[in-house]
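Subject: Structure handover

Hello,

Here is the structure for your files. My notes on it follow below.

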Amino acid sequence: MASSPYSLSSKPFLTAFSSPLHSHRSLFSVVYLQSRVSNKLQICAAGSTYGNHFRVTTYGESHGGGVGCVIDGCPPRIPLSEADMQLDLDRRRPGQSRITTPRKETDTCKIFSGVSEGLTTGTPIHVFVPNTDQRGNDYSEMSIAYRPSHADATYDMKYGVRSVQGGGRSSARETIGRVASGAVAKKILKNFSGTEILAYVSQVHKVILPEDLVDNDALTLDQIESNIVRCPDPEYAEKMISAIDAVRVKGDSVGGVVTCIVRNCPRGLGSPVFDKLEAELAKACMSLPATKGFQFGSGFAGTFLTGSEHNDEFYIDEHGKVRTRTNRSGGIQGGISNGEIINMRIAFKPTSTISKKQSTVTREKEETDLIARGRHDPCVVPRAVPMVESMVALVLVDQLMAQFAQCNLFPVNSDFQEPLLPRLEPKQVLF
């Protein structure tokens, strides 16, 4: 029987049936029957889209033609250009310093739709970034052997086929679409409510930045960007860089922690029960490559306290607003933002792909040794900083739009609620 132009390989498909006697005709029968199932059971773009109101879909692979995103639901009439995205893309791009991957990419973005004469139109925004420094041959041996702790084996287990060059969709290069769309979200939040999102490296391997050395109220982007590891304290930054250098020269890697804070977040974001704000933030941040842990507010340290020690007592500030004297809740209570600084920490594992010899198995289930080639970060956390900021921004702008639609459509209860939009004089209305 001649092979079908639609089949990738006969071998992987046979394992899906109870007997090797099933032919391609049987496979096509299954596909045909599935196509007749109700549309309610069909899944589109599984795993590549985030958001309900401000929706982002990323696409592309590490060594394909390029990567990017489609942003749907962006409000119209917002000034937007490639330069707005390029700042964060430059912070994320490879080849920034000796402690990042030496891959040389400018990561120059291009907006193909959704913007006219410098303003968003309210229609889908398509952003594309070409790959210009592909080295697919560096991954030839990885088409045969699985890299330990990487996604090679699990992608085969799930799909039965995968892109072997650079890890495909599991590569951190996929996050370009997140960072580009996150830059749009950050601009909306900044212009709407003065919301600021700042992330920084607070741990590299065993070097831990003490929390009391960072003033969350006064922290600036310039402080974070003042060194190549993106730690706002110069002394600890040097210690972190030394820790990365120590393993880099040995062909090994280390992990670390990124801390992220949010200032001036509108009150009331997040919804009980399953859509609590911290739950959405955890999902978004843990979707980033190499993440292994998420802590919010007091985190696990709070388990060592009593209720009387942990509770954030309320008071009325000089502006008549309800505030908390402490912030162990991390700016969110009951899954809803309370106006205090939101803070979280995200743990990143050591980079999986290293140049040391490791034991593994092949796709043919034979044990072997692997020395991985290619260009990889000895520590991912410095480049993860803008990625974390972007995912937090995507969560907040989506929740902001949900809050406005549900709870601000009609006049608010001024005894308890704050209007998301201030009352403007006619001359102050922008559009």
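Which strands does helix α5 lie across? Helix α5 (residues 175-193) lies across β2, β3 and β7 (125-130), and runs at about 35 degrees to β3. Axes here are lines fitted to C-alpha atoms, for helices over the stretch in contact, with angles from 0 to 180 degrees between N-to-C directions; contact means heavy atoms within 4.5 Å. Helices (H or I, at least four residues) and strands (E, at least two) are DSSP runs numbered from the N terminus.

On provenance: this is a predicted model, in which local features need pLDDT of at least 70 and side-chain atom pairs count only at pLDDT 80 or more, while totals for chains, interfaces and linings use all residues. Residues are numbered from 1 along each chain as its sequence is written, and side-chain values use heavy atoms, with hydrogens and water left out.

The sheet

The open sheet has five strands in the order β1-β2-β3-β7-β4, with antiparallel pairing. Strands β1 (49-50) and β4 (110-113) are at the edges with a single partner strand each, so one side of each has no neighbour in the sheet. Two strands pair if DSSP finds at least two bridges between them. Strand β2 (residues 55-60) and strand β3 (residues 66-72) run antiparallel and are joined by six bridges; G60 is opposite V67 in β3.

T58 is in strand β2 and is buried, at 8% relative accessible area. (Buried means under 20% relative accessible area, exposed over 50%, and partly exposed in between, with a 1.4 Å probe and protein chains only.) The T58 side chain makes polar contacts with the side chains of R169 (3.0 Å) and E174 (2.8 Å). A polar contact is a pair of N or O atoms within 3.5 Å; within protein, one must be able to donate a hydrogen and the other to accept it, and residues adjacent in sequence count only if both atoms are side-chain atoms. Leaving aside neighbours within four places in sequence, the contacts of T58 also include S48, G68 and G177.

The core

The largest nonpolar core has 81 residues, of which F54, M85, V204, L281, M344, V388 and V392 touch the most other members. Its largest share, 13 residues, comes from helix α10 (residues 381-407). Such a core is a set of buried Ala, Val, Leu, Ile, Met, Phe, Trp, Tyr and Cys residues joined through side-chain atoms within 4.5 Å. Beyond four places in sequence, M344 is in contact with residues including V258, L281, F294 and V392.

Backbone and loops

Most residues other than glycine have a negative phi, and most peptide bonds are trans. The peptide bond from P272 to V273 is cis, with omega near 5 degrees; V273 is in the loop between β10 (256-263) and α8 (277-286).

Two residues other than glycine have a positive phi: E117, at about 55 degrees, and R230, near 65 degrees. E117 is in the loop between β5 (115-116) and β6 (119-120) and is exposed, at 81% relative accessible area. R230 is in the loop between α6 (221-224) and α7 (234-248) and is buried, at 4%.

V214 is in the loop between β9 (207-208) and α6, and is buried at 13% relative accessibility. Not counting residues up to four places away in sequence, V214 touches Y200, L209, L219 and P232. V214 and C231 are 17 residues apart in sequence and 9.8 Å apart in space, C-alpha to C-alpha.

Regards
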